[in-house]
Amino acid sequence: MNTKRAGVELPSQLLSNRLILGIIASYGLAFIVFGFLMSSPGEILNGLIEIITTRDALITDYIGVGGIGAAFVNAGLLTCLACLLYRITQASISGASIASLFLLLGFSLFGKNLLNVWPIIAGVWLYAKFRNESFAAYINIAFFGCALAPIFSEILYSTAISRSVSIPLALFTALLLGFILSPVATQLFKAHAGFNLYNIGFTAGVIGTLVVALYKSYGYVPDPVMIWTSENQGILTGFLVILFLSMLIVGIFLDRQSLGQLSTLVKLSGQAPSDFVAIVGLGATMVNMGLCGLLGLAYLLVIGADLNGPTIGGILTIVGFAAFGKHPLNIVPIMAGIFLGSLAKPWNINDPAIVLATLFGTTLAPISGQFGWQWGIVAGFLHSSAALTVGFNHAGLNLYNNGFAAGIVAAVMVPVIIAVKR
């Protein structure tokens, strides 16, 4: 089916790609506008410099590094640039693409910046050229793979080696990491069979563990980072409510039957790959994204957790993957399991690490979607321990720590569940 636009026939798929990219870019622009409303241009410029020149290991809240304005402008600019790259490469925009772009938007508040993501992306581009294939086929992996961006920053700003060595070493390492991401991710996907939606997080955790092991063998141990803010609760809540309500409105505007399609969507297990845009359409997917965003935000407000770069990143990750595997019925059991884990273990539900585990742990949503809410609660309970333990292996240099932990949980749980059910 073709659609005529200004006398030229445009394929409907191309129009769909442009529409989705336009919607996502508009949210990037909303972040930029919000940033300038919160800080002066001078403060934003100075804040961006601070963000670009800081170490980015978990947990580095950019609101605490460069200020709220610079953090949101960094996120918005990076997302708009990513949308432009998708447009230039003419990549097909799927649910996975939406997930990768919202993941970029969220993590650009605490770990990804206007400098450190590009060497990883360039490494994936080199792999595509090596395979003599289009970069468009690998662009989702490239942006997901920016989970390893802190390794570039860690080497670049290392005080243990001279700048003449750190610059080329950082570039070479990041390019190499990007180059190997795709083949390693393809192989490791088999370990969890799509029951961990953050497959690149699992992959990055394995790769990051090897990199840190190599660091330590030469006597270099990355210092832990903990920058966590708790201001701006009211204004951030208001901004996010408007953001997620707009998704509901856009979804209903695009498809008046979207609420009816939502009943079909929530019956899906979410096991990867589950492209909700292809299955139920963009309208219902947008409604699901808005609902999941409001659900994540409501949970944080109920437990009294802080709203900052990392927690907003967690909510936006749920929103992005609401186009590729998550919906309210399959994420609630996971969150409930982690909540129960906090009651039975020596930590509080609103501690930073466990708050992030609750948000990002919804990567295990396909387990509850496929096997039932009971198993989802068990998966969440196990994940609440795994997520707080495995970060030591990669020293916080894998931004998707929960994806790494969830990959381990899913790889162990799923065969056991299948065996028990049989």
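## Terms and model

Buried means under 20% relative accessible area, exposed over 50%, and partly exposed in between, with a 1.4 Å probe and protein chains only. This is a predicted model, in which local features need pLDDT of at least 70, side-chain atom pairs count only at pLDDT 80 or more, and totals for chains, interfaces and linings use all residues. Residues are numbered from 1 along each chain as its sequence is written, and side-chain values use heavy atoms, with hydrogens and water left out.

Helices (H or I, at least four residues) and strands (E, at least two) are DSSP runs, numbered from the N terminus.

## Backbone features

Ala 193 sits in the loop between α9 (163-192) and α10. Its phi is positive, about 55°, although Ala 193 is not a glycine. Ala 193 counts as partly exposed, at 34% relative accessibility. Asn 132 also has a positive phi, about 60°, and is not a glycine. Asn 132 lies in the loop between α6 (118-130) and α7 (139-144). At 72% relative accessibility, Asn 132 is exposed.

Two cis peptide bonds can be described. One runs from Leu 58 to Ile 59, with omega near 0°. Ile 59 is in the loop between α2 (41-52) and α3 (62-66). Another joins Ala 272 and Pro 273, with omega about 0°. Pro 273 belongs to the loop between α12 (258-265) and α13 (276-280).

## The largest pocket

Rolling a probe the size of a water molecule over the atoms shows where empty space is left. The search uses a 1 Å grid over the protein atoms alone: a cavity is a set of points where a 1.4 Å probe fits but cannot get out, a pocket is an open set with protein on both sides within 12 Å along at least five of seven lines, and lining residues have an atom within 4 Å of a point. Grid points are joined across faces, edges and corners, and a volume is the space filled by probe spheres set on the points.

The largest pocket has a volume of about 560 Å³. Its lining has 31 residues, and Leu 58, Ile 59, Gly 391, Gly 396 and Asn 401 lie nearest the centre. Leu 58 and Ile 59 are also the pair joined by a cis bond. At least two lining residues come from each of α5 (95-107), α17 (352-360), α20 (391-394) and α21 (401-421). α17 gives the largest share, 5 residues. By class, the lining has 22 nonpolar, 7 polar and 2 charged residues. Here Ala, Val, Leu, Ile, Met, Phe, Trp, Tyr, Cys and Pro count as nonpolar, Asp, Glu, Lys and Arg as charged, and the others, Gly among them, as polar.

## The cavity

The structure holds 1 cavity of 30 Å³ or more. The largest cavity has a volume of about 40 Å³. Ile 20, Ile 23, Ile 24, Ile 98, Phe 102, Leu 282, Met 286 and Met 289 line it. α1 (12-38), α5 and α14 (282-303) each give two or more of these residues. The lining has 8 nonpolar residues, no polar and no charged.

In α17, 7 of 9 residues are buried. They are Ile 354, Val 355, Leu 356, Ala 357, Thr 358, Leu 359 and Phe 360. These residues pack against α5, α14, α15 (309-321), α16 (328-344), α19 (373-386) and α21. Contact means heavy atoms within 4.5 Å.

Thr 362 is in the loop between α17 and α18 (365-371). Thr 362 is buried, at 0% relative accessibility. Beyond its neighbours within four places in sequence, Thr 362 is in contact with Tyr 198, Ile 318, Lys 326, Ile 331, Ile 334 and Met 335.

## Nonpolar cores

A nonpolar core is a set of buried Ala, Val, Leu, Ile, Met, Phe, Trp, Tyr and Cys residues joined through side-chain atoms within 4.5 Å. The largest has 114 residues, of which Phe 72 and Phe 102 touch the most other members. Helix α4 (residues 68-89) gives the largest share of this core, 10 residues. Phe 102 also lines the largest cavity.

Another core lies apart, with 23 residues, among them Leu 364, Phe 371, Val 390 and Ala 410.

## Cysteines

A disulfide is a pair of cysteine sulfur atoms within 2.5 Å. The whole structure has 0 disulfides. The sulfur of Cys 83 is 6.2 Å from the closest cysteine sulfur, in Cys 80, too far for a bond. Cys 83 is buried, with a relative accessible area of 5%. Cys 146 is in no disulfide, and the nearest cysteine sulfur, that of Cys 83, is 14 Å away. Cys 146 is buried too, at 0%.
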